[in-house]
Amino acid sequence: MATDGMWLMNDDYEFELAEPYKSMLFECKILATKAWRDAILDYLEPRTVYTREQLKDGLMYRNDKTDMHPTERVNEFILEALGGDL
């Protein structure tokens, strides 16, 4: 794998990702997150009584629950949406 120029050493002697790779990685993660969210909403919308906007709000509400593991939050959201308990 060609990684020349991808990494820089900062003032603390730690390696960090160089531009434009740092920005590109961030953009890729944002697009992947949006695709993941849209896939969940696409699946749930026809199977529940909720509108897409209600589902999106329910998912974002759970995003703020820091006392739960992210996987638990998503599982809770999906099951509550399917059960009609958002």
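**Entry 1: the pocket**

I count a residue as lining a pocket if it has an atom within 4 Å of one of the pocket's grid points. I am working on a predicted model, so everything below is read from that.

The space in the largest pocket comes to about 250 Å³. By class I get 5 nonpolar, 2 polar and 4 charged residues in the lining.

**Entry 2: α1 with α3**

I took helix α1 as residues 21-44 and helix α3 as residues 70-83. They pack at an angle of about 20 degrees, and their axes are 11 Å apart. Angles under 35 degrees count as roughly parallel, so α1 is roughly parallel to α3. The crossing of α1 past α3 is right-handed.

Which residues of α1 and α3 meet? On the α1 side I noted Trp-36, Ile-40 and Leu-44. Facing them from α3 are Val-74, Phe-77, Ile-78, Ala-81 and Leu-82. The class count for this contact is 8 nonpolar, no polar and no charged residues.

**Entry 3: α1 with α2**

Here the axes come within 10 Å and cross at roughly 130 degrees. I logged the crossing of α1 and α2 as right-handed. From α1, the contact uses Arg-37, Asp-38, Leu-41, Asp-42 and Leu-44. From α2, it uses Arg-52, Leu-55, Lys-56, Leu-59 and Met-60. I get 5 nonpolar, no polar and 5 charged residues for the contact of α1 with α2.

**Entry 4: α2 with α3**

Are α2 and α3 roughly parallel or roughly antiparallel? Their packing angle is about 150 degrees, with the axes 9 Å apart. Anything over 145 counts as roughly antiparallel, so that is what I wrote for α2 and α3. Their crossing is right-handed.

In α2 I found Leu-55, Gly-58, Leu-59, Arg-62 and Asn-63 meeting Arg-73, Glu-76, Phe-77, Glu-80 and Ala-81 of α3. That contact divides into 4 nonpolar, 2 polar and 4 charged residues.

Most residues other than glycine have a negative phi, and most peptide bonds are trans. Tyr-13 has a positive phi of about 60 degrees, though it is not a glycine. I placed Tyr-13 in the loop between β1 (7-9) and β2. The peptide bond from Glu-19 to Pro-20 is cis, and its omega is near 5 degrees. Pro-20 sits in the loop between β2 (15-17) and α1.

Definitions and conventions. Residues are numbered from 1 along each chain as its sequence is written. This is a predicted model: local features need pLDDT of at least 70, side-chain atom pairs count only at pLDDT 80 or more; totals for chains, interfaces and linings use all residues. Side-chain values use heavy atoms; hydrogens and water are left out. Axes are lines fitted to C-alpha atoms, for helices over the stretch in contact, and angles run from 0 to 180 degrees between N-to-C directions. Helices (H or I, at least four residues) and strands (E, at least two) are DSSP runs, numbered from the N terminus. Angles under 35 degrees count as roughly parallel, over 145 as roughly antiparallel, 65 to 115 as roughly perpendicular and the rest as oblique. A crossing is left-handed if the near helix is turned anticlockwise from the far one by less than a right angle, and right-handed if clockwise. Contact means heavy atoms within 4.5 Å. Ala, Val, Leu, Ile, Met, Phe, Trp, Tyr, Cys and Pro count as nonpolar, Asp, Glu, Lys and Arg as charged, and the others, Gly among them, as polar. On a 1 Å grid over the protein atoms alone, a cavity is a set of points where a 1.4 Å probe fits but cannot get out, and a pocket is an open set with protein on both sides within 12 Å along at least five of seven lines; lining residues have an atom within 4 Å of a point. Grid points are joined across faces, edges and corners, and a volume is the space filled by probe spheres set on the points.
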